[in-house]
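Okay, everyone, let's get going. I'd like to walk you through the aromatic rings and the nonpolar packing in this one.

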Amino acid sequence: MKKRVLLFSAAAVLCILAGLTAYHCSFPLDADRNGLEPAALQWFNRGRSVPYEADRLQLYQSVTVGSRTYVPLELDGRLGYLCLSRGFTGRYKFDHSDHGTGSFCNGVVESGGERMLLFEGRNGDGRIARAVFSPEGGGPYALDIPASPRLSGERPSG
């Protein structure tokens, strides 16, 4: 009987360790998000026969809303973002992403029962200068926005 309890306990401990290892591995980025740029490039190259080159990806300063972190980016000249989720160990994983051909990209985010509009855009020199938007039931509002610093160096040429 003691052998059976010991075997069952050992199997339970091994299952718990395997589960924790799998959970840890499902969040590939550490708490400092080191290696974000190569991991993002790998994320965008999934299933592509012609992969994006590293110099075609520019990451910008992130913003955290609730448990998600949004990283604005330019990929091959197109605006977009990465959405990262943070696990209970403090590590991050890619939740979803989006990019397109417009000059502005926006989305509504809900956190703690509050809805927020996140947006990014560019003017001729590649920086956001002013945005005009209209919330539900209100008039248009103008917002002057300072440029968001790039995280991965200078803008690619060409």
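Quick one to start: are Tyr70 and Tyr81 buried or exposed? Tyr70 is buried, and Tyr81 is buried too; buried here is under 20% relative accessible area, exposed over 50%, partly exposed in between, with a 1.4 Å probe and protein chains only.

Before I go on: this is a predicted model, where local features need pLDDT of at least 70, side-chain atom pairs count only at pLDDT 80 or more, and totals for chains, interfaces and linings use all residues. Residues are numbered from 1 along each chain as its sequence is written, and side-chain values use heavy atoms, leaving out hydrogens and water.

Now, the cores. A nonpolar core is a set of buried Ala, Val, Leu, Ile, Met, Phe, Trp, Tyr and Cys residues joined through side-chain atoms within 4.5 Å. The largest has 17 residues, and Leu36, Leu82 and Phe94 have the most contacts inside it. Its largest share, six residues, comes from α2 (helices are DSSP runs of H or I, at least four residues, strands of E, at least two, numbered from the N terminus). Take Phe94: beyond its neighbours within four places in sequence, its contacts (heavy atoms within 4.5 Å) include Leu29, Trp43 and Leu84. Then there's a second, separate core of five residues, with Val65, Tyr70, Tyr81 and Cys83 among them.

Last, charges over rings, meaning NZ of Lys or CZ of Arg within 6 Å of the ring centre and within 35 degrees of the ring normal. Arg48 lies over the face of Tyr52, 3.9 Å from the ring centre, and Arg33 has its charged end over Tyr92, at 5.2 Å.
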